[in-house]
Every structure is written in C-alpha cells, then in structure tokens.
Amino acid sequence: MKWYYKLILLIFCAPVGIYFIIRDSIRQIKTNKKEGSNDLKKSLKEVKAERESLLDLITDIFRRRDIYCTWCGSRQLKYLEGERGEWFWEYRNKDGSQDKRVSGNFQQAKYISKWQCKKCDAVSKYNHYVHKKPSKARKVHSGWLVTDGTGERNKTDYDRLKDSETVNTKNANRKGDN
Ligand SMILES: [Zn+2]
C-alpha cells in the first residue's frame, strides 16, 4: 500500500473511530449518572426510613404502654369510638342500690374503646379500668381482636386482670363485710 493510501484511509477512518469513542463515553457517562441518581434515590429512601423509625422510637417513649394492637403488637393506634359501661355504686346492696350507710360512697363505670392499628389496620376493642370518670384515658386491662389485620398475627388477646380481681357489679359490696 502506498503511503498516501494509508493517509487517506487514516483521514477517513479517524473521524469514524473518534465518533464511536465519544459516543460510547457519552453513553457511559449517561448510565453512570442514571445509576448514580438511582443510588441517591435509594439512599434517600433509606435515610427517610431510618428517620421514620427513629421518630417512631422517640414517640414510642411517650406512647401509652397499656394498650397495643392484638394483631401485630404495634402501639401506633387510632381511636375510633368508645362507650361507657353501666354505673354502679362502690358500696352497694344486693340489688345494686346504693349502700346509704357509707358516707362518701360514689358511682363508677368501666369504659370500652375501639382502636385501629396504624401499621396493620386491625381493629381491637379494649376494656378500661372502672373509674369515677370513665374514659378512654383510663388504663386498659384487656384487649381483644375485632377485625383481622394484614399479614400474620403474632399477638393474642390479653387480659391482665385475673377473674378474682374483676369487679362483679352484680354482687353486693358492703363496707365492713369483707
Ligand atoms: Zn397492628
């Protein structure tokens, strides 16, 4: 091959070669950028999740401990509704009427509330301790499932009161009888 043929070939081929090199490197940069932004998105998501779980952990300290989801055990609950139980006298006769011998006798009632879990959507009902001012703010001693949650259930209904400790409002409670 004569030297000027080589020169012509080089002049013709060089731009094509350069074109391919530039195109490939541009592609490489583009895919790098894409992967990079995906990584960034991923890590942002992770950071967000971490931040949320950290927030959960902090707010968890302030969340009441007596009430939790009977499906998954989460204490992130949304109050739905509640109702007061029947009033009864602290000191009462056999028929439930007020024991008038006692001064400072008072009436109280329990409270039943319904809450939905924010994590698994399960709905549970809860029994609150009897009180002169019954409300959902009273401590809960038992909870039971009303509507199933998502996923598998890993908690059970609970009752912290033994039968002997529950108030039998149908029985007389006369001061000094015990
Ligand atoms: Zn739950």
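This report describes the predicted model of a single chain, from its overall form to individual residues.

**Basis and confidence**

Residues are numbered from 1 along each chain as its sequence is written. The model is predicted, so that local features need pLDDT of at least 70 and side-chain atom pairs count only at pLDDT 80 or more, whereas totals for chains, interfaces and linings use all residues. The term pLDDT denotes the predictor's confidence in each residue, on a scale from 0 to 100. Its average over the chain is 87, and 94% of the residues score at least 70. Among the elements, the lowest mean pLDDT, 81, belongs to helix 1 (residues 3-62), and the highest, 97, to strand 3 (residues 107-117). Where pLDDT is low, the predicted coordinates should not be read in detail.

**Overall form**

The chain has one helix and six strands. Here helices (H or I, at least four residues) and strands (E, at least two) are DSSP runs, numbered from the N terminus. Read from the N terminus, the order of elements is α-β-β-β-β-β-β. The radius of gyration is 36 Å, well over the 16 Å that the globule rule gives for 178 residues, so the chain is more spread out than a compact globule. This radius is taken over C-alpha atoms, and the globule rule is 2.2 Å times the number of residues to the power 0.38. Along the principal axes, the C-alpha atoms fill a box of roughly 130 × 25 × 25 Å.

Two domains are assigned, domain 1 (1-62) and domain 2 (77-165); their bounds come from an automatic or database domain assignment. The C-alpha centres of domain 1 and domain 2 lie 60 Å apart.

Two residue pairs give further distances. Leu9 is found in helix 1, and its C-alpha atom is separated by 89 Å from that of Lys136, 127 residues away along the chain. Tyr5 and Ala172 are 167 residues apart in sequence, with 120 Å between their C-alpha atoms.

**Strand pairing**

Two strands are taken to pair if DSSP finds at least two bridges between them. The pairings are set out below.

| Strands | Sense | Bridges |
|---|---|---|
| Strand 1 (residues 77-84) and strand 3 | antiparallel | seven bridges |
| Strand 2 (residues 88-89) and strand 3 | antiparallel | two bridges |
| Strand 3 and strand 4 | antiparallel | seven bridges |
| Strand 4 and strand 5 (residues 140-147) | antiparallel | six bridges |
| Strand 5 and strand 6 | antiparallel | two bridges |

Opposite Leu77 stands Cys117 in strand 3, while Phe88 has Gln108 of strand 3 as its bridge partner. Gln116 is bridged to Val123 in strand 4. Val140 in strand 5 stands opposite His128, and Ser142 has Asp159 in strand 6 as its bridge partner. In a regular strand the side chains alternate between the two faces of the sheet.

The hairpin of strand 3 and strand 4 has five residues between the strands. Although Asp121 is not a glycine, it has a positive phi of about 70°. Asp121 counts as partly exposed because it has 16 C-beta neighbours inside 10 Å.

**Burial, core and contacts**

A residue is buried if 20 or more other C-beta atoms lie within 10 Å of its own, exposed if 12 or fewer, and partly exposed in between, with C-beta atoms placed from the backbone. Of the 178 residues of the chain, 13% count as buried. A nonpolar core is a set of buried Ala, Val, Leu, Ile, Met, Phe, Trp, Tyr and Cys residues joined through C-beta atoms within 7 Å. The largest such core has eleven residues, namely Ile67, Tyr68, Cys69, Trp71, Leu77, Trp115, Cys117, Cys120, Ala122, Tyr126 and Val140. By contrast, Leu9 is exposed because 11 other C-beta atoms lie within 10 Å.

Two residues are in contact if their C-beta atoms, placed from the backbone, lie within 7 Å. Among contacts between residues at least 6 apart in sequence, 56% join residues at least 24 apart. Not counting residues up to four places away in sequence, Tyr68 touches Gly73, Ser74 and Arg75. Ala172 lies in the segment after strand 6 (158-159) and, with its neighbours within four places in sequence left aside, is in contact with Arg92, Asn93 and Lys94. Ala172 counts as partly exposed because it has 15 C-beta neighbours inside 10 Å.
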